[in-house]
Amino acid sequence: MRSLVFNLMFWPVLIGFALVAWLVALTPWTRGLKAVMRAGCRAVRTLMHAVLGAPVEVRGKVPAGRPVIIAAKHQSWADGFLMMAIMGDINFVIGNEIGKFPLIGRIVRTSGATMVNSPGLTGAQGALEEAIKRAADDPRPLLIYPEGRLPEVGESYRYRKGVHLMYETLGRTVVPVATNTGLRWPQNRWQKHPGPAVIEFLDDIPPGLPRDDFLPRLKMTIETRTRALEAEGQADKEARS
């Protein structure tokens with residue numbers, strides 16, 4: 001029942017905020033657009049807690065206001081909403097296929113997000129390099145999902161070299177992030193589940209590591225902690241049943 005009520009409330013809330021954000025995106029008021037986007041993301045977090053029974057638990061030190069790269073595990077549609085709700089004003093890397101969705105493409109472009117060609121498309125590498133150059137002048141934390149897609153709970157994909165290209169070119173600290181959100185909001189599925197949704201900010205990876213050291217370290221850090229959070233979440237689910 002919780003899942004049904006959440007879904008029935010989520011979509012009208014999302015569409016409502018998207019309409020307001022799209023209207024604001026027609027004006028030069030970028031600060032107002034970002035405020036609407038953050039409000040919408042916070043509303044999603046509130047719905048998860050109050051309706052779904054999935055309170056969001058933030059662990060570790062949130063790097064708000066630091067010009068870092070946030071490399072996060074991506075298991076759920078909830079991830080982007082929650083990261084913006086937690087962090088506030090952030091830059092983020094997103095595939096340009098988002099532009100095919102009504103309203104959303106203009107909102108994302110106007111907000112200043114770093115849009116790149118989706119993985120596997122012709123020109124993706126060149127588009128990423130150009131996006132990194134634009135991001136160099138943006139002091140906001142920069143969010144990227146290094147796998148480039150959503151794995152199932154308990155699984156992972158190859159960590160793409162784009163995250164190292166950003167790390168190397170920008171010379172910024174990377175903050176890995178682990179999560180178990182896929183247990184509560186499994187990708188884009190209708191059925192969702194109560195229980196704590198944990199987002200954990202892990203120890204910084206300092207700049208300067210070569211790719212062959214950086215990518216294995218990043219993946220091991222995120223995946224090891226994510227598996228632990230998944231096990232913790234599964235134990236909570238079993239205790240509730």
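## A first look around this model

The side chain of Glu-223 makes a polar contact with the side chain of Tyr-159, at 2.7 Å. (A polar contact here is a pair of N or O atoms within 3.5 Å; within protein, one must be able to donate a hydrogen and the other to accept it, and residues adjacent in sequence count only if both atoms are side-chain atoms.) This is a predicted model, where local features need pLDDT of at least 70 and side-chain atom pairs count only at pLDDT 80 or more, while totals for chains, interfaces and linings use all residues. Residues are numbered from 1 along each chain as its sequence is written, and side-chain values use heavy atoms, with hydrogens and water left out.

Let's stay with Glu-223, which lies in helix H8. Helices (H or I, at least four residues) and strands (E, at least two) are DSSP runs, numbered from the N terminus. At 7% relative accessibility, Glu-223 counts as buried. Buried means under 20% relative accessible area, exposed over 50%, and partly exposed in between, with a 1.4 Å probe and protein chains only. Leaving out residues up to four places away in sequence, Glu-223 touches Lys-73, Glu-147, Glu-155, Ser-156 and Tyr-159, where contact means heavy atoms within 4.5 Å. Its C-alpha atom is separated by 9.4 Å from that of Val-177, 46 residues apart along the chain.

H8 covers residues 211–240 and also holds Pro-216, which is partly exposed, with a relative accessible area of 44%. Over in strand S3 sits Asn-91, and this one is buried at 2%. Among the residues that Asn-91 touches beyond four places in sequence are Gly-112, Thr-114, Asp-138 and Leu-143.

| Residue | Partner | Distance |
|---|---|---|
| Glu-223 | Lys-73 | 2.8 Å |
| Glu-223 | Tyr-159 | 2.7 Å |
| Asn-91 | Asp-138 | 3.5 Å |

Now for the nonpolar cores. A nonpolar core is a set of buried Ala, Val, Leu, Ile, Met, Phe, Trp, Tyr and Cys residues joined through side-chain atoms within 4.5 Å. The largest has 42 residues, and those touching the most other members are Phe-6, Met-48, Met-83, Phe-92, Leu-143, Ile-199 and Phe-201. Several elements each supply at least two residues of this core, including helices H1 (2–25) and H2 (30–52) and strands S3 (91–95) and S7 (197–201). H2 gives the most, with nine residues. Another core lies apart from this one; its 20 residues include Ile-69, Ile-132, Tyr-159 and Met-166.

Phe-6 is in contact with Leu-47, Met-48, Val-51, Leu-52, Trp-185 and Lys-192, setting aside neighbours within four places in sequence.

H1 and H2 pack at an angle of about 175°, with their axes 9 Å apart. (Axes are lines fitted to C-alpha atoms, for helices over the stretch in contact, and angles run from 0 to 180 degrees between N-to-C directions.) The two helices are therefore roughly antiparallel to each other. By class, their contact has 20 nonpolar, three polar and one charged residues. Among those meeting are Phe-10 and Val-13 from H1, and Val-36 and Ala-43 from H2.

Finally, there's helix H6, residues 161–170, which is mostly covered: seven of its ten residues are buried. Among them are His-164, Met-166 and Tyr-167. After H6 comes Gly-171, with a positive phi near 65°.

Definitions and conventions: Parallel < 35°, antiparallel > 145°, perpendicular 65-115°, else oblique. Nonpolar A, V, L, I, M, F, W, Y, C, P; charged D, E, K, R; others polar.
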